[in-house]
Amino acid sequence: MEPRNFDGEADRPRSAGAKQTGRVLVVGPYLRARAGSADAQSESHVQRDAEARLDEAAGLARAIDLVIADAIIAPISQIRPATYIGKGKVEEIAALAKSLDVELVVMDCALAPIQQRNLEKELHAKVLDRTGLILEIFGRRAKTKEGALQVELAHLNYQRSRLVRSWTHLERQRGGFGFMGGPGETQIEADRRLIQERITKLESELKKVQATRRLHRAGRQRVPYRVVALVGYTNAGKSTLFNRLTRADVQAADMLFATLDPTLRALNLPHGGKAMLSDTVGFISNLPTQLVAAFRATLEEVLEADVILHVRDISHEDAEAQQSDVDAVLRQLGINPDDSGRIIEVWNKIDRYDAEQREELLNIAARRPEDHPAMLVSAVSGEGIDALLAAIEERLAAKRTTLDLSIDAADGAGISWLHRNSEVLAKELHDGRFDMTVRVDKTKRDIVVNRFDAVPRLSA
């Protein structure tokens, strides 16, 4: 779908096709950037190309099988409290929606309930904002019980402030006490109470899920497996990279939010160690705050991860803006995106470049600060994967202590404990004793030192 700039008149002709019901009009009401003034939108969006943003919005609509009748950019100078866009733009969009016979208008912005309601009246079509659209996608994609609970909770919180839209055919309250109120307000309040009761129940169920996750995490922490988490903009290739690293078969598709539910698999490291790799939901610009809050239980895997791989689609025209959006979500979660000791930046999809372009990318990566390297990979072809695994192992090792010790070969219980609670790097039998080199987490270091008279390896 080629986007059009709808600034009074279309600057590109639209082919006249037969009217078709069930189609959608996607509108990008983007603020014009004004030099020397603070834009009402985020800094990353000032830098983001308007057509790329509109294309992403159309991709979100296609992700739930909506048919795009047209996609237009409607630049605005300021946000109107009543309808978000100006009266003239509303009339132009209403005329276009009528000519296209669309049933739904998707506004690529966050609408207040009153703005959404007023636009539906003026456009004579159902209106869905960016938040509602993303919630619809998540509602369809959630497969696990946890994912379904999180999406329903976010959706109910979103709908709670929009209840009046469902009851516009009923009488509104005109004042007075209790029984003097109109029936519409009574129905709204009853619905609001039912929603609140459901929200309370969902929050209780999610607390149980979080408790279960904590138990699983505690179990993993009792063994020498560390956690590596994948984060990145949606459709950056996280699931394809996950499959490449773990030889798993997680769904990977050229589609926004193809993966929603979190997945954990064992990751084999170059020198025989193991880690747990976690694939998480993709981030996106203007990710609804309801979803960030609701998916916090899922994202706890990221919060607890020893190493975070920030996967970027380096071939995307808006790669820099996407990085800024992911960094913003990480900050929301309390993670410093500049923590080079924990975060590895992965430039994915280098297979889309020719040899000359790849050489240029390598030169750009080489000029980066030593403590902020970029790993160039292709999750599709496997190029750069070995170097990435080595970098992951190096980061994990930096967080652990390497110890040398000698243990009686007859001490089966002690040897078994070391295998369960440390990463055994070397083990040789000499005169009835095992000389071992192990790598342990800082929480286990003192135990190993005191119990086995282990000494730190100076070269580690």
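## Overview

Of the 460 residues in the chain, 50% count as buried. The model is predicted. Its secondary structure comes to 15 helices and 16 strands.

Contacts across the sequence can be counted too. Take contacts between residues at least 6 apart in sequence: 70% of them join residues at least 24 apart.

## Helices 5 and 6

Start with helix 5, residues 130–141, and helix 6, residues 145–160. They pack at an angle of about 155°, and their axes are 10 Å apart. Angles over 145 degrees count as roughly antiparallel. Helix 5 and helix 6 are therefore roughly antiparallel to each other. The crossing of helix 5 past helix 6 is left-handed.

Which residues make the contact? Helix 5 supplies T131, G132, L135, E136, F138 and G139. Helix 6 supplies V151, A154, H155 and Y158. Sorted by class, the contact of helix 5 with helix 6 has five nonpolar, four polar and one charged residues.

## Helices 3 and 4

Now look at helix 3, residues 87–100, and helix 4, residues 113–123. Their axes come within 9 Å and cross at roughly 50°. That angle makes helix 3 oblique to helix 4.

V90, I93 and A94 of helix 3 make the contact with L119, E122 and L123 of helix 4. By class, the contact of helix 3 with helix 4 has five nonpolar residues, no polar ones and one charged.

## A listed binding site

UniProt lists S239 and T259 under "binding site", in an unreviewed entry. Find S239 in helix 8, which covers residues 238–246. Is S239 buried or exposed? Its relative accessibility is 9%, so S239 counts as buried.

R342 sits in the loop between helix 11 (319–332) and strand 11 (343–348). Buried means under 20% relative accessible area. R342 has 15% relative accessibility, so R342 counts as buried.

Most residues other than glycine have a negative phi.

Look for D65 in the loop between helix 2 (50–62) and strand 4 (67–73). Its relative accessibility is 64%, so D65 counts as exposed.

D431 is in the loop between strand 14 (423–430) and strand 15 (433–441). With a relative accessible area of 81%, D431 is exposed.

Conventions
Residues numbered from 1 in each chain as written. Predicted model: local features only at pLDDT ≥ 70, side-chain atom pairs only at ≥ 80, totals over all residues. Heavy atoms only, no water. Axes fitted to C-alpha atoms, helices over the stretch in contact; angles between N-to-C directions. Helix = DSSP H or I, 4+ residues; strand = E, 2+ residues; numbered from the N terminus. Parallel < 35°, antiparallel > 145°, perpendicular 65-115°, else oblique. Left-handed = near helix turned anticlockwise from the far one by under 90°. Contact = heavy atoms within 4.5 Å. Nonpolar A, V, L, I, M, F, W, Y, C, P; charged D, E, K, R; others polar. UniProt positions renumbered as here; feature names shortened; annotations may be inferred. Buried < 20%, exposed > 50% of the residue type's maximum accessible area, 1.4 Å probe, protein only.
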